[in-house]
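Okay, thanks everyone. Let me put this one up on the screen, and then we'll walk through a helix, the interface and one of the chains.

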Amino acid sequence: MNIHNIRKKAGSFGFNLFFVLLLIGLIYIFIFPLLTIIITAISSPESSADPTVLWVPKKVSAVGIKTAMELMNFLPSLGLTAEISVLATLASCIACSLAGYGLARFKFPGKNLIFAFVVLTIVVPPIFLTNPSFVSFRYFDPLNIFSLTEPVTGFSSINLLDTVWTFVLPALLGVGLRGGLFIFIFRQSFLGMPKDLEEAARIDGCGAFKTYVRIIVPLAVPTFVTVILFSFIWHWNDFYYSAAYFMNDTRPLTVELSAIAETMYSSGMTGSIMGTSGTVTAYRTYIMAGCLLTIFVPLVLYLFLQRFFIESVERTGIVG
Amino acid sequence: MKPSVDKLKSRRLSLTGKNSLTGFLFTLPFCIGLLLFFLPNFIQGVVFAFNQVGFEPGAFTLTYVGWDNFYYAFRTDLDYGNNLISSVSSLLYQVPVIVVSSIFFATILNRKFFGRMFVRGVFFLPVIIATGVVMKYFQLDSVTYGVLRGSTETSAIFSSSAIEEILINSGLNDGLVEVFVTISTNIFDLMWRTGIQTLILLAGIQSVPASLYEASSIEGASAWDNYWYITIPMLSPMIFVSLVYTIVDTFSDATNPVMSQIQTLVTSLDNGKASAMAIPFMLIILLVLALVFAVFALINRNSKPEKARR
């Protein structure tokens with residue numbers, strides 16, 4: 001074996017060692033909080049703040065999860081959150097990819113203005129819009145249509161609060177939660193794709209919309225997966241808008257989670273929260289259990305969707 | 001059976017017209033959304049800035065106050081100006097660190113190695129956990145607090161003062177040392193904010209046609225050449241996205257001093273002042289983004305001739 005080979009091997013070993021150590025360090029940073037959540041959530045309320053317990057809970061119990069489920073009105077909330085997330089994600093994925101495709105591949109007057117508005121919707125923080133949009137959904141009256149038809153229909157506006165439409169309707173029109181960002185992501189990803197296939201399809205007489213469905217969507221699977229994932233998780237985790245739009249008994253999970261301490265208060269667990277150290281830890285167990293219940297679905301979804309990141313690679317290998 | 005030149009010409013013209021109409025039709029849903037939802041609410045927000053806002057059931061009561069709210073923000077409020085400056089200056093080091101590390105992470109996660117699925121899952125955890133209420137509880141919780149906020153509590157090696165001393169003794173510029181120390185104390189926080197960008201870039205890397213790599217490898221290019229001359233240029237649209245996202249995210253993060261100031265005002269129903277503080281802030285974000293757009297447009301223009309020759 002010559003010296004060159006050995007050096008090469010040693011070099012790659014050193015690199016791999018560095019690589020593995022770096023990964024371990026990063027994994028620690030990223031996974032630590034999740035482990036804390038899980039461990040605290042499944043340990044029995046009395047033992048969860050035991051300083052001798054670091055990783056392995058002394059007593060595993062489902063009390064934390066059960067109590068958190070009751071406190072959060074879990075199943076109805078889960079249903080509502082899932083409904084919002086699924087519908088709004090599909091809607092905004094369709095509307096935003098269409099807009100992104102229009103902006104990336106066509107030339108038409110006013111295109112730059114529309115793109116400027118896309119950027120503006122990205123920049124405006126949610127907090128700037130919450131109060132005006134709250135009122136506009138409470139008295140929903142697009143372009144005064146309902147006011148004008150009041151003599152016939154008998155109402156001047158609809159109350160959309162506490163319905164999933166507060167999220168789905170804007171999403172259908174591409175201005176939902178982070179809609180501007182999704183349009184931007186789609187536009188950029190379409191810009192980076194080779195034009196050859198589309199041109200071939202158009203020359204063969206395929207219409208613009210059909211080209212989009214048949215050629216663009218299959219090519220951009222990684223982008224679609226990314227957007228679906230982000231949109232779903234952001235809708236799932238949204239707190240600003242959810243807290244403003246939902247005040248009924250059934251509220252999205254994040255709102256319930258945020259109110260978990262108050263719910264404990266009002267359901268008679270008040271005395272125990274600030275009491276002895278044992279009860280403070282019970283409180284901690286319930287909160288972590290609530291966190292676990294909230295993030296469980298996005299976590300599973302991600303593990304499932306991950307496969308598509310790899311499958312799509314083989315598909316993208318265009319010949320030519 | 002050849003159509004005359006004239007006919008071809010007229011047909012092509014109508015095709016361009018048709019094309020631009022199709023393009024507009026693709027963006028039509030978004031335009032309607034702008035008119036129905038975004039613009040009315042946005043304009044309402046801007047109107048707030050010039051008024052004293054009161055709330056009645058179902059409506060706002062507006063009392064016109066002119067530029068008073070802006071005077072309040074810049075003259076009366078002592079923190080606002082400083083907060084603006086500090087959020088812009090923290091942007092200067094946070095954005096490069098976040099974007100470069102997410103490019104690095106995406107490259108790593110694209111490699112084939114044992115347990116890649118697991119590692120990818122782990123890298124994405126911050127996105128699920130760090131947005132929203134869970135994070136709020138995390139910052140309140142004593143056990144997780146130490147890890148998330150500053151490494152000083154968790155490891156003595158990275159305690160900033162020790163490193164600061166070493167660096168200053170080694171003769172580095174004071175400003176540089178300060179930047180380094182800020183980065184190293186915030187490294188956990190910064191790494192936690194790379195999840196979205198990493199995934200955007202990973203999807204971007206995977207959209208690069210495999211044929212390009214095959215061709216260049218046959219021509220004798222090394223893996224390093226492939227990375228610099230194929231992956232990075234093909235990735236540049238997505239690098240642009242993650243840059244824009246990082247800038248907006250850094251500005252609109254709830255921990256941003258200006259945002260938390262605005263949040264406090266909105267909570268106390270002082271929407272006029274909140275809007276007056278938000279508008280200059282948005283203008284600054286737009287300005288920063290315009291700069292980034294201009295730089296990218298310049299880079300694109302410079303690299304076009306090569307592309308065309310392909």
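So, start with the buried residues of H4(B): they are Arg120(B), Phe123(B), Phe124(B), Leu125(B), Pro126(B), Val127(B), Ile128(B) and Ile129(B). Buried here is 20 or more other C-beta atoms within 10 Å of a residue's own, with C-beta atoms placed from the backbone. Helices are DSSP runs of H or I, at least four residues, and strands are runs of E, at least two, numbered from the N terminus.

Quick caveat: this is a predicted model, with local features needing pLDDT of at least 70 and side-chain atom pairs counting only at 80 or more, while totals for chains, interfaces and linings use all residues. Residues are numbered from 1 along each chain as its sequence is written, and chains are lettered from A and ligands numbered from 1 in the order written.

Back to H4(B): there's a bend of about 35 degrees at Phe124(B), and Pro126(B) follows within four residues. That's the angle between axes fitted to the seven residues ending there and the seven starting there. Just past the helix, Gly132(B) has a positive phi of about 105 degrees.

Now the interface. 78 residues of chain B are in contact with 83 residues of chain A, meaning C-beta atoms, placed from the backbone, within 7 Å. On chain B's side, helix H1 (residues 5-49) gives the most, with 21 residues.

And chain A itself? It has 16 helices and zero strands, and 41% of its 320 residues are buried.

Methods
Two residues are in contact if their C-beta atoms, placed from the backbone, lie within 7 Å. A residue is buried if 20 or more other C-beta atoms lie within 10 Å of its own, exposed if 12 or fewer, and partly exposed in between; C-beta atoms are placed from the backbone.
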